[in-house]
Amino acid sequence: MATLNLTSFNPGSFILVGIPGLEQFHIWVGIPFFTIYLLALAGNGTLLYLITVDHSLHEPMFFFLSMLASADLVLCTTCVPKTLGIFWLKAQKITFPGCLTQLFFLHFSFFLDSAILLGMAFDRYMAICCPLRYTSVLTPRTIVKIMVGIVGRSFGVILPVVFLVKRLPFCKSRIIPHTYCEHIGVARLACADISINIWYGFAVPVMTIISDLVLIGISYALILHAVFHLPSRDARQKALSTCGSHVCVILIFYTPAIFSVLTHRFGHNISRTFHIIFANLYVAIPPALNPIIYGVKTKQIRDKVILLLFPKGMK
């Protein structure tokens with residue numbers, strides 16, 4: 001019995017199926033995912049390089065942007081390489097520690113992104129609504145404290161998930177109908193009551209998303225109120241242009257995130273194939289689009305990218 005219990009609580013490895021129903025098309029489905037992943041690596045890597053080497057970008061807004069780029073790299077790198085391994089190399093096996101590690105960084109980067117977007121909204125609020133206090137409030141020391149708080153909150157929220165999964169006995173199927181390990185998908189394979197996993201996995205993301213969205217909404221309501229009271233039309237356009245990139249990124253991040261959380265809890269009539277495809281697009285597309293949005297909408301970033309790509313043409 002001791003051996004049986006030890007085996008149950010240490011499943012050894014799982015098998016990741018990929019996208020159920022599209023197994024015969026995996027080799028072709030992998031091509032766009034590979035392209036999107038390369039775009040995410042190039043875009044976020046370029047942003048991080050520019051912000052690191054260019055002292056004119058050492059401002060609070062760009063420090064938050066560098067954190068977002070780092071979190072996006074963690075998000076897509078946690079999932080996409082393993083997904084491509086399943087599609088192209090039939091590397092479907094993943095160890096239990098590997099599964100827990102992937103699960104942790106997947107959800108950790110999600111909460112990290114949400115907290116960073118809230119920090120960016122606060123940065124824009126201070127810059128537009130309280131410009132005279134901006135540099136005195138958002139000092140380098142304050143930025144570091146905010147960054148530590150963002151990482152600490154994300155770590156604290158997700159760490160219990162690892163232990164909630166680790167405590168479960170796995171004595172049934174070890175086949176996960178997905179391309180990566182995520183909390184509820186792994187917990188459903190357990191031969192034990194997973195009510196606490198389900199409710200923690202639902203309540204915590206919803207509470208976090210709602211609280212962050214409410215605070216972001218308040219920030220942008222105050223920003224819009226201040227913008228439309230600016231005396232200069234050029235100043236209004238500049239402020240709206242700066243905030244436009246943030247709003248686009250917020251919509252790209254939260255819309256699929258809310259859909260994904262709700263379908264996990266209530267979307268029993270949604271086909272598994274659609275859900276898995278959507279879940280994979282969610283971890284690949286936002287990290288690829290975010291640097292493009294900031295590159296197009298933010299003049300400082302756009303000018304630096306052009307200078308980096310065409311140095312002679314700018315002289």
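This is a predicted model: local features need pLDDT of at least 70, side-chain atom pairs count only at pLDDT 80 or more; totals for chains, interfaces and linings use all residues.

C248 is partly exposed, at 33% relative accessibility.

C79 is buried, with a relative accessible area of 0%. C79 takes part in no disulfide. The nearest cysteine sulfur belongs to C76 and is 8.8 Å away.

The structure has 2 disulfides. One joins C99 to C181, with an S to S distance of 2.1 Å. It links distant parts of the chain, 82 residues apart. C99 sits in helix 4, and C181 sits in the loop between strand 3 (175-176) and helix 7 (183-187). The S-S torsion is about -120°, so this disulfide is left-handed. C99 is buried at 1% relative accessibility. C181 is buried too, at 0%.

The other disulfide joins C171 to C191, S to S 1.9 Å. Its cysteines are 20 residues apart. C171 lies in the loop between helix 6 and strand 3. C191 lies in the loop between helix 7 and helix 8. The torsion here is about 135°, so the disulfide is right-handed. C171 is partly exposed at 45%, and C191 is partly exposed at 30%.

In sequence order, the bonded cysteines pair 1-3, 2-4.

**Salt bridges**

The structure holds 3 salt bridges.

| Pair | N to O distance |
|---|---|
| K304 and D54 | 3.0 Å |
| R124 and D123 | 2.8 Å |
| R153 and D212 | 3.0 Å |

What does the K304 and D54 pair tie together? K304 lies in helix 11 (residues 299-309), and D54 lies in the loop between helix 2 (26-53) and helix 3 (60-89), so the pair ties together parts 250 residues apart in sequence. K304 is partly exposed at 22%. D54 is buried at 18%, because the cut-off for buried is under 20%.

R153 and D212 form a salt bridge between helices. R153 is in helix 6 (residues 140-166) and D212 in helix 8 (residues 195-227), so parts 59 residues apart are tied together. R153 is partly exposed at 29%, whereas D212 is buried at 1%.

In the remaining pair, R124 is buried at 9% and D123 is buried at 0%.

**Nonpolar core**

The largest nonpolar core has 88 residues. F14, L65, L117, F170 and V186 touch the most other members. Helix 4 (residues 96-129) gives the most to this core, with 18 residues. Leaving aside residues up to four places away in sequence, L117 touches L68, I216, V249, I250, F253 and Y254.

Definitions and conventions: Residues are numbered from 1 along each chain as its sequence is written. Side-chain values use heavy atoms; hydrogens and water are left out. A salt bridge is a side-chain nitrogen of Lys or Arg within 4 Å of a carboxyl oxygen of Asp or Glu. Helices (H or I, at least four residues) and strands (E, at least two) are DSSP runs, numbered from the N terminus. Buried means under 20% relative accessible area, exposed over 50%, partly exposed in between (1.4 Å probe, protein chains only). A nonpolar core is a set of buried Ala, Val, Leu, Ile, Met, Phe, Trp, Tyr and Cys residues joined through side-chain atoms within 4.5 Å. Contact means heavy atoms within 4.5 Å. A disulfide is a pair of cysteine sulfur atoms within 2.5 Å.
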